[in-house]
Amino acid sequence: MATLYIDNQPHEVNSGHNLLEACLSLGLDLPYFCWHPAMGSVGACRQCAIKVYKDENDKKGRLIMSCMEPVTNNQRISVADTEAKEFREEVIGWLMTNHPHDCAVCDEGGSCHLQDMTVMTGHAYRKFRYKKRTHTNQDLGPFINHEMNRCIQCYRCVRFYKDYAGGKDFDVFASRNKVYFGRQEDGVLESEFSGNLAEVCPTGVFTDKTLKQHYTRKWDLTMAPSICQHCSLGCNIIAGERYGSLRMIGNRYHGEVNGYFICDRGRFGYEFVNAPGRVRQPIMNGQVIGRKEVLQEINRLLKEAKVIGIGSPRASIQSNFALKALVGKNNFYHGVSESEHDMAELAIRILKEGPVRTPSLKEVESCDAVFILGEDLTNSSPMLALAVRQAARVQPMNEVAKANIPEWNDAAVREFVQDKNGPFFSATIHDTKLDELASEKYYAAPDDIARLGFAVAHRIDSAVPDVPNYPEELKQLADRIASGLLQSENPVVISGVSSESETVMRAAANVAWALHSKKKKAGLVLTMLECNSLGLAMMGGGKLDGAFNAVLNGHADTAIIMENDLYRHGSFATVDKFLKTCKQVIVLEHTPHATLKKAHVIIPAGTFAESDGMLINNEGRAQRFFQVYESTEVIQESWRWLLNMGINAGNEHMSQWKNFEDITKAIAQEEEFLKGVDTITPPSSFRVAGQRIPREPHRYSGRTAMNANINVSEPKPPEDPDSSLSYTMEGYRGLAPSSMIPFFWSPGWNSVQSVNKYQNEIGASLKGGDPGLRLIEPEPGAVANYFSTVPEVFQPIADHFWLVWTHHIFGSEELSKRSPSVAQRMPQHPYAMINPKDAEQQKVNEGDKISFEVEKHVYVLMVKLNNTIPSGVAALPYGLEGMPSTELPGWGILKR
Amino acid sequence: MFSIIRSMWLTFLHAFHKRETIQYPEQKVKLPARWRGRIVLTRDPDMGERCVGCYLCAAACPVDCISLQATEDENGRRYPEFFRINFSRCIFCGYCEEACPTYAIQLIPDFEMGEFDRQNLVYEKNDLLINGQGKYPGYNYYKVAGLAIGGKGKGEAENEEQPVDIKSLMP
Ligand code: SF4
Ligand code: SF4
Ligand code: SF4
Ligand code: SF4
Ligand code: FES
């Protein structure tokens with residue numbers, strides 16, 4: 001801490017900050033452009049000028065760029081000084097000399113940092129009388145719109161895209177007032193994080209192209225805090241609606257989870273909500289029926305049936321719990337494959353019973369060594385890939401500190417670090433985008449990856465069994481990895497379910513535990529397949545096979561399947577047989593899929609945007625998402641449908657519940673692993689000064705006209721029985737509790753930059769603490785019970801391929817792939833990735849067809865060659881249309 | 001006493017003053033050009049729709065009676081997909097006109113909008129859009145904006161240089 005005199009007032013500030021950060025942390029309004037809280041300063045825009053004084057007698061002072069000067073104790077500065085103010089106004093005047101007269105047609109307008117800063121400095125008229133320089137734009141693909149005329153040369157975009165996120169296809173071109181930010185030629189932006197450009201760029205150069213297709217100003221959106229549903233990391237998002245359709249997803253700052261960024265799957269995957277094929281009406285035997293009727297019919301069906309319920313890893317814990325309560329504990333099954341089920345349970349066991357804690361994304365960023373086993377993070381858990389990118393810089397950054405360069409001085413830091421990376425080891429099935437950071441990489445079949453893990457763990461702690469007959473070169477590799485990890489302070493080991501191999505996960509746990517035994521502050525991250533995989537696993541319930549058997553053996557005849565396409569989790573033949581055997585298949589769903597086609601009764605469930613719920617992310621953090629808008633009367637949360645069914649059926653347990661809160665309380669009481677979930681948001685009775693928190697900004701427009709075409713008398717706005725958010729613009733305007741911030745806004749700060757005002761300190765936690773509750777912590781005194789079974793070395797079989805999944809950020813996840821923009825980025829054909837050596841042996845080439853038989857089904861796939869995939873292994877894209885619906889890994893028999 | 005007589009006298013004199021009452025509707029009212037009555041959407045000099053769907057009028061409206069949806073044609077020109085004003089709510093304050101950066105929305109001297117059915121006071125774009133420029137002739141927003149639209153490329157707006165050639169080696 002240091003004392004800083006700002007305009008003669010003493011303030012306590014963080015001495016690690018620069019002056020700009022110190023001022024902003026204190027809540028002062030100081031304009032800036034090029035500094036970014038996650039990326040530091042470069043001093044490019046000259047907007048943040050303030051005065052510094054030698055001592056209290058110095059009346060003149062000198063102008064400096066506040067973002068480039070560290071805080072020193074007893075320093076005297078002035079923000080309000082007239083000269084500094086005039087300077088800032090001039091600077092913005094210069095930045096605007098070439099700015100187009102575009103606000104009316106600019107998507108940034110209303111949430112534009114440049115607008116805000118211009119108003120803040122008071123610049124109003126363009127003094128420059130000459131012509132404006134112009135630029136042509138580029139087509140950057142389905143996600144991002146480019147309007148280069150609006151650029152103010154702050155360099156944030158290129159610093160984010162290239163330096164922070166490791167993108168290769170974006171840069172700054174030309175010189176002086178002609179500088180140009182874009183790609184070397186038109187084309188799709190390759191980075192998985194390109195969407196953040198829309199938020200990082202303080203102007204309307206980069207904007208969300210999907211928003212443009214149904215453009216709405218920020219002030220016109222009905223917004224709610226939500227959680228991304230497209231992978232297991234649980235990034236916090238803001239979702240905005242207008243005229244009954246979901247319009248955009250923005251980042252919602254969370255100090256521990258996603259920070260300032262989200263990935264493109266999360267940002268652009270939302271349009272499945274608006275998809276024309278959505279389930280919007282109850283359907284019974286092909287006939288659309290009403291809400292009351294369908295409930296009556298179901299009540300009749302359930303009375304005479306033996307019912308089982310199949311839950312879902314992408315439905316909230318509330319929905320899964322309600323289903324479990326409706327059908328009874330013993331009739332509730334997880335709708336996931338055997339291996340998914342077992343791996344999720346294994347993960348919980350490892351994280352609870354082992355001594356090593358799972359770090360949050362933020363903590364991963366500061367780990368100084370990384371060991372990845374079997375995960376292609378960029379594709380399976382994108383934001384984790386971004387976090388380990390930062391982790392790779394931690395050790396070189398220690399040198400930076402020694403050289404007396406402050407961490408926030410980004411240009412100097414990057415100059416100093418160059419492309420040095422800390423210890424970064426990656427063992428994956430085939431090449432990944434993170435390989436460029438890796439000091440050691442190893443491509444192998446899952447069992448061999450696990451063997452490497454065991455070998456490394458053994459070298460760290462000899463209590464772990466060694467790998468017998470390990471080849472010399474691999475021994476050396478394991479030595480190097482072990483010594484690299486041992487030289488670090490807080491290494492992180494990352495594994496997960498995408499290789500669908502329990503042995504890999506066990507090996508990862510061994511490595512982390514071994515490091516722990518050597519007094520390292522080790523972390524272990526295990527990623528999951530879906531947004532609530534862990535939550536489902538924590539609730540207990542049978543495996544999917546159990547459900548199949550129950551029906552096939554006649555113990556049950558009716559299945560309620562909730563938000564789940566069984567064909568994604570079980571093998572085609574079994575699922576088919578199961579669905580045929582069921583007398584009644586009742587499906588609650590929002591998005592059409594193969595299982596839905598076999599349903600007798602379809603009930604329209606709400607997507608995340610139309611629902612309240614909670615998810616447990618891979619870290620074991622319970623997080624709440626709020627309903628963004630009330631859908632038509634028929635679409636409802638699955639849990640609400642189930643609740644109604646339960647009440648109709650006279651289920652005593654369920655009859656006590658009325659709303660979201662009651663269910664959540666019941667979960668907290670009855671589910672051993674989910675204690676405390678009822679405390680993560682304030683209750684629905686919560687009010688500030690008697691008021692709710694409004695979902696709409698106070699400038700929300702059109703409410704007396706938008707429905708006037710239907711009826712000139714406005715309807716009463718819906719009331720929210722499940723939370724203390726309101727569906728109107730009226731309510732409390734100050735800071736909302738951190739777990740229920742519907743949007744970031746502060747007077748004079750209309751863009752996302754207003755998040756500064758919501759934080760305890762720049763880049764730190766939100767005021768009131770970062771939301772969510774971590775449910776999994778190692779039990780105190782837990783000791784490492786090393787896994788001791790070393791797997792056998794992988795042996796290829798002639799005319800067979802060991803089939804494994806490979807994940808695609810765009811295409812593998814069930815919901816986001818229905819978003820038209822994401823669909824444009826998916827692989828066009830299902831393929832089989834094999835090694836060229838195997839291809840040569842089989843006499844096939846890239847693009848040829850190859851056929852496999854898996855569980856008596858023949859699949860014809862296109863050959864894709866990859867030099868890194870081990871011989872005898874074929875990787876198939878997970879979740880793509882036309883892919884085998886079967887449990888992998890497994891052997892595929894080659895057909896000629 | 002005197003004041004009563006005085007008042008009666010003055011009132012009596014009014015009988016000989018010029019009549020202020022107009023025999024409306026037989027006789028029409030003369031309104032100044034800036035009188036704030038019925039709202040129209042105007043066109044620019046080359047008859048394109050002026051409204052660019054910026055939502056500023058809607059945000060400025062104190063009774064929130066304007067609602068629209070912006071969209072764009074295949075050449076990037078923005079316009080409102082629908083534009084609705086609920087005149088049963090409108091207070092004719094003229095804020096929308098003031099907010100409009102394109103002179104699209106204008107209040108004109110016409111108040112004859114009475115209806116028996118309130119529903120008929122809901123005007124859609126069809127009812128609002130006129131075939132003229134209204135009070136501000138000559139202004140064409142797209143001629144001064146940097147956005148390229150059909151018929152106007154980059155560098156072709158007023159006061160613009162030709163687009164930069166970023167591959168040029170000249171300093
Ligand atoms: S970038 Fe901001 S200031 Fe510039 S045209 Fe867009 S909204 Fe206006
Ligand atoms: S494009 Fe945006 S982020 Fe990049 S330099 Fe220009 S204004 Fe800054
Ligand atoms: S898909 Fe995963 S990484 Fe991407 S935004 Fe969603 S939760 Fe975050
Ligand atoms: S302010 Fe003008 S240009 Fe903008 S939406 Fe309203 S009428 Fe259209
Ligand atoms: S923010 Fe300080 S120079 Fe740009």
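Predicted model: local features only at pLDDT ≥ 70, side-chain atom pairs only at ≥ 80, totals over all residues.
Axes here are lines fitted to C-alpha atoms, for helices over the stretch in contact, and the angles between them run from 0 to 180 degrees between N-to-C directions.

## Helix pairs in chain A

Two packed helices are described by the angle between their axes and the distance between the axes. In chain A, helix H10 (residues 338–353) and helix H18 (residues 502–517) pack at an angle of about 10°, and their axes are 10 Å apart. Since angles under 35 degrees count as roughly parallel, H10(A) and H18(A) are therefore roughly parallel to each other. On the side of H10(A), the residues A:Asp342, A:Met343, A:Leu346, A:Ala347 and A:Ile350 meet A:Glu502, A:Met505, A:Arg506, A:Ala509 and A:Trp513 in H18(A). By class, this contact of H10(A) with H18(A) consists of seven nonpolar and three charged residues, with no polar ones.

A second pair is formed by helix H16 (residues 446–460) and helix H17 (residues 472–486) of chain A, whose axes come within 8 Å and cross at roughly 55°. This angle makes H16(A) oblique to H17(A), and the crossing in which H16(A) passes H17(A) is right-handed. From H16(A), the residues A:Leu452, A:Ala455, A:Val456, A:Arg459 and A:Ile460 take part in the contact, while H17(A) contributes residues including A:Leu474, A:Lys475, A:Leu477, A:Ala478 and A:Asp479. The contact of H16(A) with H17(A) has 11 nonpolar and three charged residues, and no polar residue is counted in it.

Five nonpolar, three polar and one charged residues make up the contact of H8(A) with H23(A).

## Surroundings of the ligands

The classes of the residues around the ligands are set out below.

| Ligand | Nonpolar | Polar | Charged |
|---|---|---|---|
| Ligand 1 | four residues | five residues | two residues |
| Ligand 2 | 10 residues | two residues | one residue |
| Ligand 3 | eight residues | three residues | one residue |

Ligand 1 is surrounded by residues of chain A, among them A:His99, A:Asp102, A:Cys103, A:Cys106, A:Glu108 and A:Cys112, together with A:Thr203 and A:Gly204. Around ligand 2 there are 13 residues, of which A:Cys151, A:Cys154, A:Tyr155, A:Cys157 and A:Cys201 are the closest.

The residues around ligand 3 are A:Cys228, A:His230, A:Cys231, A:Leu233, A:Gly234, A:Cys235, A:Ile262, A:Cys263, A:Arg265, A:Gly266, A:Pro382 and A:Met383. Helix H7 (264–268) and helix H13 (382–391) of chain A are the elements that give two or more residues to this shell. Of H13(A), 10 of the 10 residues are buried, so this helix is largely enclosed by the rest of the structure.

## Local features in loops

In chain A, A:Arg176 has a positive phi of about 35° although it is not a glycine, and A:Arg176 is placed in the loop between strand E8 (171–173) and strand E9 (180–182). With a relative accessibility of 52%, A:Arg176 counts as exposed. A:Asn404, likewise not a glycine, has a positive phi of about 65° and is placed in the loop between helix H14 (394–402) and helix H15 (410–417) of chain A. The relative accessible area of A:Asn404 is 69%, and this residue is exposed.

A:Ala599 is found in the loop between helix H22 (594–597) and strand E25 (601–604) of chain A, where, at 17% relative accessibility, A:Ala599 counts as buried. Apart from its neighbours within four places in sequence, A:Ala599 is in contact with A:Val585 and A:Val587. The C-alpha atoms of A:Ala599 and A:Ile560, which are 39 residues apart along the chain, are separated by 9.6 Å.

In chain B, a cis peptide bond with omega of about 5° joins B:Tyr24 and B:Pro25, and B:Pro25 lies in the loop between helix H1 (2–14) and strand E1 (39–41) of that chain.

Conventions:
Residues numbered from 1 in each chain as written. Chains lettered and ligands numbered in written order. Heavy atoms only, no water. Near = heavy atom within 4 Å. Helix = DSSP H or I, 4+ residues; strand = E, 2+ residues; numbered from the N terminus. Nonpolar A, V, L, I, M, F, W, Y, C, P; charged D, E, K, R; others polar. Parallel < 35°, antiparallel > 145°, perpendicular 65-115°, else oblique. Left-handed = near helix turned anticlockwise from the far one by under 90°. Contact = heavy atoms within 4.5 Å. Buried < 20%, exposed > 50% of the residue type's maximum accessible area, 1.4 Å probe, protein only.
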